[in-house]
Amino acid sequence: MAEPNNKELPEVIVLGIPWFLKFYGQQFSQNFKLLKPWESSLPLEQFITTHAQSVKAMLCSGGTRVNPSFLSQFPSLRVIVTTSAGLNHMDLSECRRLGISVANAGTIFSEDVADCAVGLLIDVLRKITAADGFVRNGLWPMNVVYPLSSKVGGRKVGLVGLGSIGLKVAKRLEAFGCIISYQSRKKKPVPYPFYPDVHQLATKCDVLVICCALTDQTRHLINKEVLLALGKEGIIINIARGPIINEMELVQCLMQGEIAGAGLDVFENEPNVPEELLSLDNVVLSPHVAYLTEESFQDLYELMSGNLEAFFFNKPLLSPVLDD
Amino acid sequence: MESIGVLMACPMSSYLERELDKRFKLFRFWNFPQKSEFLNEHADSIRAVVGNAFAGADAELIDSLPKLEIVSSFSVGLDKIDLNKCKEKGIRVTNTPDVLTEDVADLAIGLMLAVLRRICECDRYVRKGLWKTSGDFKLTSKFSGKSVGIIGLGRIGLAIAKRAEAFDCPISYYTRSEKPNTNYKYYPSVAELASNCQILVVACPLTPETHHIVNREVMEALGPKGVLINIGRGPHVDEKELVSALLEGRLGGAGLDVFENEPGVPEQLFGLENVVLLPHVGSGTKETRKAMADLVLGNLEAHFLKKPLLTPVV
């Protein structure tokens, strides 16, 4: 890469404060000149008009809303590298129209997310967090036999979406004796039964794991009808995006015992979590961390840095977002 | 069979209690605070003892039940039964293997994920409102691909290995002698196993030889990034050493379903976020406890009907 002393480092504007910059900011700065609006006293818009008019590359988080008016502020932009795997924050057709390439986190989070989905499912079924709290509160000596939980093996698990994450969840749960089926836009060359319709999938299963992207078609895909079809022994696990589930209807179903429990890493309005869930012991709640490990962050740094390097060296991006 | 006296050592399953009540003359040992009085009065009618992981049939109890013919354990572990005494006196012993293998293995993996990914801690973080006030939770430790070392490669050990393999975890193990039909890496000592894995799980029977098999040396070999999972028996681990290793950061974390002195748990562990503490629930699902209870009942009936025992140990 460019020698820091002899050449101007290529400029990259950083937005949404990808907080992993706190860990890797120094390494990035060895190869790139980072424009960091939050370090300036100028308001963001002014910073952009003053300093970012010739910037070709952007590094942004999954929270940065990339829409036409946003993009119009960056006349020289040619590539956006986002730290997110999900792309629901980006207007991809506008990027395409403007000739801006996009690279995302690809599949580097898939293992950690799949691990978390399985961890949440075992926790909900076997009451791990609830029982841990029971012990820590000193309740065991008074109640020697803890209430019985539910077996994981033999559960009929329906995966909503069977991409990189869904396939890894399937492989893991099969080892526990779970029976896998899935719903997806298209049938896949896998040995699991396929259902084109989520409601049908829910009828046939007693666990749903949400593993799909958030799009206009999947917003509130999981609603009261689907949850009722899942049934009173049903468990739902969401490690994808909050808005895929109609949160109000999920809360109602949980409160009324229409489903047995839930493991949720994502919510419709993070970091807000419906109050009612905070007092339920048949749910396990997580602050959008399914992807977040020391290892995945190291991988993320290498991928983000690699993508930017590839761009500046006129090489193909490492994790381009492909046209569907 | 309603006149056959069955002594249940401690509360373990209301379903099992009800069924024993229906079929036999059930004595609930915990309802008699004066044990010697109880034994004076009823010992002669007791022909069976039903025990579990907490309380079974030690030499003293066996000696005080002259008509004892069978001990049927509501567990697979036999450490609470004086097997030699039973053999000596021709007393049959049964346990509940196989039916609980999957649940225990599931819980072992659940504990690994809960410790490494701080699942319980994350739930507390959200419930306390910290996600709103303190922002993002910290980075945790990836589970997939971490090396898993198993002490004991019996039914439960193999089931744990099978599950961990689905997460691409390399598997190694320690047993008294190397097993012929596995591809897993064998280590001839627990300390060597601990030096060469990131997650160590106890899955062997508790015997005098395996008491404190996880000692200070093993914990230091496992190290400040290592995680210990115990789904065996509390006395497998030197608990005092474990507490200081965790408090001093010499051991990275622990997922514990069993303790040396249940239901007592060292209180110093309550404030640690790198431990998960469970009240001995390894086999504690509705499905499995019913299967275990049916096995206990089936063994008792078989014995008193002079049929072959279902799952005899002695």
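Trainee: How many residues of chain B are in contact with chain A?

Mentor: This is a predicted model, in which local features need pLDDT of at least 70, side-chain atom pairs count only at pLDDT 80 or more, and totals for chains, interfaces and linings use all residues. Residues are numbered from 1 along each chain as its sequence is written, and side-chain values use heavy atoms, without hydrogens and water. Contact means heavy atoms within 4.5 Å. On the chain A side 58 residues take part, and on the chain B side the number is 61.

Trainee: How much area do chain B and chain A bury between them?
Mentor: The size of an interface is often given as the accessible area lost when the parts come together. Buried area is that loss with a 1.4 Å probe, summed over both parts. Carbon and sulfur atoms hold 61% of the total, which is about 5300 Å².

Trainee: Which residue of chain A meets R117(B) in a salt bridge?
Mentor: A salt bridge is a side-chain nitrogen of Lys or Arg within 4 Å of a carboxyl oxygen of Asp or Glu. The rule finds eight across the interface of chain B and chain A. In one salt bridge, at 3.7 Å from N to O, the side chain of R117(B) meets that of D112(A).

Trainee: What percentage of the residues in chain A is buried?
Mentor: Buried means under 20% relative accessible area (1.4 Å probe, protein chains only). Of the 324 residues in chain A, the buried share is 54%.

Note on methods
Chains are lettered from A and ligands numbered from 1 in the order in which they are written. Buried area is the accessible area (1.4 Å probe) that two parts lose on being put together, summed over both. Buried means under 20% relative accessible area, exposed over 50%, partly exposed in between (1.4 Å probe, protein chains only).
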